[in-house]
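Please look over the model shown here. A short report on selected packing and pairing features goes with it.

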Amino acid sequence: WKRFLQVTGGITLLTVASGVTLYYVAQKDRTPGPQLPHDPTKKTLVILGSGWGATSLLNSLDTIDYNVIVISPKNYFLFTPLLPSVAVGTLSPRSILQPTRYVTRHKKRQVTVIEASATDVDPITKTVTFADTSEIQGLVSTTTIPYDYLIFAVGAEVQTFNIPGVREHACFMKELEDAEKMQRRFLDCLESAAFPGQTVDEIKRLLHMVVVGGGPTGIELSGELHDFLEQDLRSWYPELAEHVRISLVEALPSVLPSFSKQLIDYTESTFKEAKIDILTKTMVKEVRDKSVVLQLPDKSIAEVPCGLVVWAAGNTLRKVTRDLMAKFPDVQTNRRGIAVDECLRMLGSNGTIFALGDCTATSYAPTAQVASQQGAYLARVLAQIAKKDELELRLKELQVSTEPEAKEEREHIEKRLVKLEKLRPFKYSHQGSLAYIGSERAIADLPFFNGNLAMGGVATFLFWRSAYLSTLFSMRNRILVATDWLYVKLFGRDVSHYI
Ligand code: FAD
Ligand code: NAI
């Protein structure tokens, strides 16, 4: 008994202590203190975007150095790696969002957050024009502001290759609305298939889900769809579950070209077990209301009936990015994106525009890992530039002084300026690639002692979960995501067709 009481007492004490700490941390987070106002002597730093690159920069940036303005059509950061989980209801949408103001309100100096889309950047006048593109607008919905430094982190949009019918009939998997739209359509397909008197052919059509693109997005989404089917739909739609079919269409000879061969084989065999059809060397030529038109490996054309098409065929540049590049026609000629130097300065911009993430053309893959490391790096670069700007200002003041101490200080500043002139180049450190493939299995290509460690399976799935849980930007998100996982384990996914 004594031992039992000791153990339970210890556990209770630990639980209470963790609860109190959690409460204290959460309260501190919820009630940010006063901030310094914008300082007219500081330079204006305008950040376009609130995604991986921009948010990582904001997290690390010392806002004492600048008057910071963030402009983005979304007033939140979206944790994209877990977006496919939202599409099938494993996670609720708000669990993977972090309002940008939750970051900026904790900075030392005020940061202005504007929910708007940048429509034009003028590098000559150093101004940005932006517009409120949301549903509700006030009397003023477009304006132009000046910047001293511009951080261009607007990401990319979905590549459709202008294939007919994609925009009209397919769902994307890029934004939160895409995941919600896909979930709504998927559940609609199920309910329409359950409508009395539906023919077997029509049921099969409605329940045929086609995912286009065998990159990580398409693979993860197919895996999540499979889990939804096996873990939930079989219970709630027993008469329909047998008819659900998932096809993954990929134009290249194999899926996941960026992963090692061993993991590609493992994914293919897992999909085979899960009865997900992988159609490689097959290209979608058109998306119609109730079908997809495929070009098969033998170049013949087939029209395949389906209820839902999810388009995950890669990235392309946004209009605002193309327009900005067009202003530097001599140096911005890379069709993949903005060309930057080793310090992420946009070529041609004279060091006033920095670009990072998916809107740039670098030797790195367009991933969250790259964008977030670039954001953290830029925060360090901007701190150095602020120091340099401050010293240059002081030097100007000293130039008019005839005091002997002024000469000494001038020499000291000039020496420091030489050091500050040189910026350390950005260096990417690859932490490995991870992807969820369904059936509670994941794959991981990890750098290991100058080599590569390829892992796949249930243990990797647990590693995948813990890696993403720790990568989430806030404790609030971690708790929400962990709670959602527990909820789904206990009660399953919700099949209400309400959104
Ligand atoms: P984003 O994060 O896309 O941010 C762009 C920001 O710019 C957004 O806030 C957007 O609202 C804003 N914006 C858009 N237009 C304008 C405008 N006109 N003016 C101002 N702001 C604008 N990468 C990984 O490394 N690991 C993963 O597991 C992973 N999983 C992914 C899963 C999915 C489903 C997707 C779609 C991508 C995934 N990625 C992953 C890739 C990763 O999300 C991107 O590489 C990353 O988001 C790029 O960061 P970014 O800052 O360049 O762009
Ligand atoms: P992707 O560019 O990696 O893959 C798109 C695929 O679609 C390509 O393989 C392409 O051949 C195929 N495709 C294009 N047009 C087609 C057509 N008409 N018919 C059939 N197939 C067609 O795009 P994805 O998966 O959206 O990834 C974008 C970026 O985000 C990548 O850099 C990726 O590494 C990263 N990402 C990383 C994840 C992870 O690490 N877990 C998860 C999701 C994305």
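The report below covers a helix pair and a sheet.

## Basis

The model is predicted: local features need pLDDT of at least 70, side-chain atom pairs count only at pLDDT 80 or more, and totals for chains, interfaces and linings use all residues. Residues are numbered from 1 along each chain as written, chains are lettered from A and ligands numbered from 1 in written order, and side-chain values use heavy atoms, without hydrogens and water.

## Helix pair α12 and α13

Helix α12 spans residues 368-399 and helix α13 spans residues 404-421. Helices are DSSP runs of H or I with at least four residues, numbered from the N terminus. The two pack at an angle of about 155°, with axes 10 Å apart. Axes are lines fitted to C-alpha atoms over the stretch in contact, and angles run from 0 to 180 degrees between N-to-C directions. The pair is therefore roughly antiparallel (over 145 degrees).

In α12, the contact residues include Leu391, Leu395 and Leu398; in α13, they include Ile413, Leu417 and Leu420. Contact means heavy atoms within 4.5 Å. The contact residues divide into seven nonpolar, two polar and 10 charged. Nonpolar means Ala, Val, Leu, Ile, Met, Phe, Trp, Tyr, Cys and Pro; charged means Asp, Glu, Lys and Arg; the others, including Gly, are polar.

## Sheet β6-β7-β8

Three strands form an open antiparallel sheet in the order β6-β7-β8. Strands are DSSP runs of E with at least two residues. The edges are β6 (117-122) and β8 (142-146), each pairing on one side only. Pairing requires at least two DSSP bridges.

Strand β7 (residues 127-131) pairs with β8 over five bridges. Val128 stands opposite Ile145 in β8.

Conventions: Angles under 35 degrees count as roughly parallel, over 145 as roughly antiparallel, 65 to 115 as roughly perpendicular and the rest as oblique.
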